[in-house]
Amino acid sequence: MTENSTSAPAAWQSRYESDLVGTFATPPLLLDHGQGAWVWDAEGNKYLDFLGGIAVNSLGHAHPVLIEAVTRQVSLAAHVSNLFASAPQLELAERLKRLTGAGDQGRVFFANSGTEANEAAFKLARLNRGDGSKTRVLALQNAFHGRTMGALALTGKAYMRDPFQPMVSGVEHIPATLESLEAAIDDSVAALFVEPIQGEAGVLELPAGFFAKARELTQRHGALLIVDEVQTGAGRTGDWFGFQHEGITPDAITLAKGMAGGVPIGALVTFGAASALFHRGQHGTTFGGNPLATAAANAVLGEIEASGLVENARARGEQLKAVIADLESPLIAGTRGRGLLVGIALAAPVAEALVTAARGQGLIINATGPDSIRLAPPLVIGEIELDEFRARFGAALHEVDAKAEAHERKVSA
């Protein structure tokens with residue numbers, strides 16, 4: 001196994017730094033192809049992918065159902081513009097209304113990404129004016145809703161917003177507590193944005209009872225409850241959508257990552273009266289909902305449903321947590337999350353070192369902070385992948401723990 005991060009920069013890394021805007025760190029690997037939960041780099045090294053393109057690759061890599069759907073659709077029509085409709089677009093809208101429970105009153109707006117879906121949701125909130133007094137939008141501290149300007153204004157991470165001030169006005173970020181929610185909501189609030197699980201913050205779940213209280217208070221004050229399911233949707237948490245674990249019905253949800261297995265797509269799904277807020281000309285997109293992307297999403301969501309992958313996510317997620325606990329590493333403080341969106345709390349700020357060590361063992365994972373690891377493997381994983389994860393992650397933990405012990409001995413000597 002070649003460990004790129006400890007060797008001299010490869011030629012492709014120099015090209016990356018010379019040719020791409022420096023909004024991302026220079027990648028450690030040049031990936032070439034994948035199969036299921038496995039991926040290979042350009043040097044032929046094989047990795048177990050337990051990040052899944054950050055919860056995007058629901059079916060893993062190169063799934064035949066997705067290949068067939070995309071190949072077939074691109075041979076017919078990839079794009080027709082929103083001046084015309086297409087059969088895959090209509091089929092996906094109907095599918096989303098059924099899976100979300102939005103029903104006959106529900107409506108769907110297609111976008112190209114999660115942040116664009118949240119832009120649409122933000123504009124939906126602006127239309128919920130009531131008598132004109134609803135000027136505030138609430139979001140949660142540490143939330144991540146995207147990096148376009150509207151979605152960035154909703155994002156509860158000051159270090160992301162500050163370089164781009166002034167933000168879109170009217171957004172207030174509150175702590176994710178029932179007390180803060182009760183104190184903040186009144187009749188001046190147009191909408192409350194929440195994620196069922198704050199993935200970018202370290203796979204943090206909201207407090208018990210938060211969703212029920214949010215639903216009660218938003219209904220009382222005429223505010224929309226908008227649930228950001230960009231990371232938690234499409235079966236990721238062991239139900240089709242994160243809000244379905246909570247026994248509530250939102251006014252709108254936003255979707256993206258896992259919907260189309262890597263083909264860019266996003267969606268806003270509205271429920272009930274919120275479906276009547278948008279009118280002609282108030283929002284739009286060129287690529288959103290085109291035949292290629294919606295055909296891909298139909299194939300992915302259809303395969304998730306046909307193969308019981310929502311149930312697999314629920315069962316494998318519990319097994320994955322058990323595997324992590326069984327490793328009995330002093331570096332692991334616990335696990336969080338639902339289904340196959342799992343956060344690992346670390347007992348020391350070694351997340352980046354652990355990611356590097358895991359990569360050296362042929363395992364791709366993600367650090368969401370100095371003491372937090374995120375796992376979001378494809379929903380298709382089984383016993384073989386869990387056994388491989390046990391061996392590779394266990395070896396990485398041992399390597400990092402041994403280095404920490406050696407450092408402590410050197411310091412105390």
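A salt bridge is a side-chain nitrogen of Lys or Arg within 4 Å of a carboxyl oxygen of Asp or Glu. Side chains of opposite charge can pair when their charged atoms come close. This structure holds 16 salt bridges.

The model is predicted: local features need pLDDT of at least 70, side-chain atom pairs count only at pLDDT 80 or more, and totals for chains, interfaces and linings use all residues. Residues are numbered from 1 along each chain as its sequence is written, and side-chain values use heavy atoms, with hydrogens and water left out.

**Two domains**

The protein chain divides into domain 1 (27-56 + 309-412) and domain 2 (64-307). These bounds come from an automatic or database domain assignment. The C-alpha centres of domain 1 and domain 2 lie 28 Å apart. Domain 1 puts 21 residues into the contact, and domain 2 puts in 25 residues. Contact here means heavy atoms within 4.5 Å.

Domain 1 and domain 2 bury about 2,100 Å² between them, with 56% of it on carbon and sulfur atoms. Buried area is the accessible area (1.4 Å probe) that two parts lose on being put together, summed over both. In domain 1, the residues that lose the most area to domain 2 are Val 56, Arg 338 and Leu 341, together 32% of what that side buries.

**Pairs across the interface**

Three salt bridges cross the interface of domain 1 and domain 2. Arg 338 also forms a salt bridge, with Glu 205.

On the side of domain 1 that touches domain 2, the elements giving two or more residues are α2 (52-55), α11 (309-326), β13 (332-338), β14 (341-346) and β17 (372-375). Among these, α11 gives the most, with four residues. Helices (H or I, at least four residues) and strands (E, at least two) are DSSP runs, numbered from the N terminus.

| Salt bridge | Distance, N to O |
|---|---|
| Arg 338 and Glu 205 | 3.8 Å |
| Glu 91 and Arg 95 | 3.0 Å |

Glu 91 and Arg 95 both lie in helix α4 (residues 87-100), four residues apart, about one turn of the helix.

**Local features**

A cis peptide bond joins Gln 165 and Pro 166, with omega about 5°. Pro 166 sits in the loop between α7 (158-161) and β6 (171-174). Ala 62 is not a glycine, yet has a positive phi of about 55°. Ala 62 belongs to the loop between α2 and α3 (64-76).
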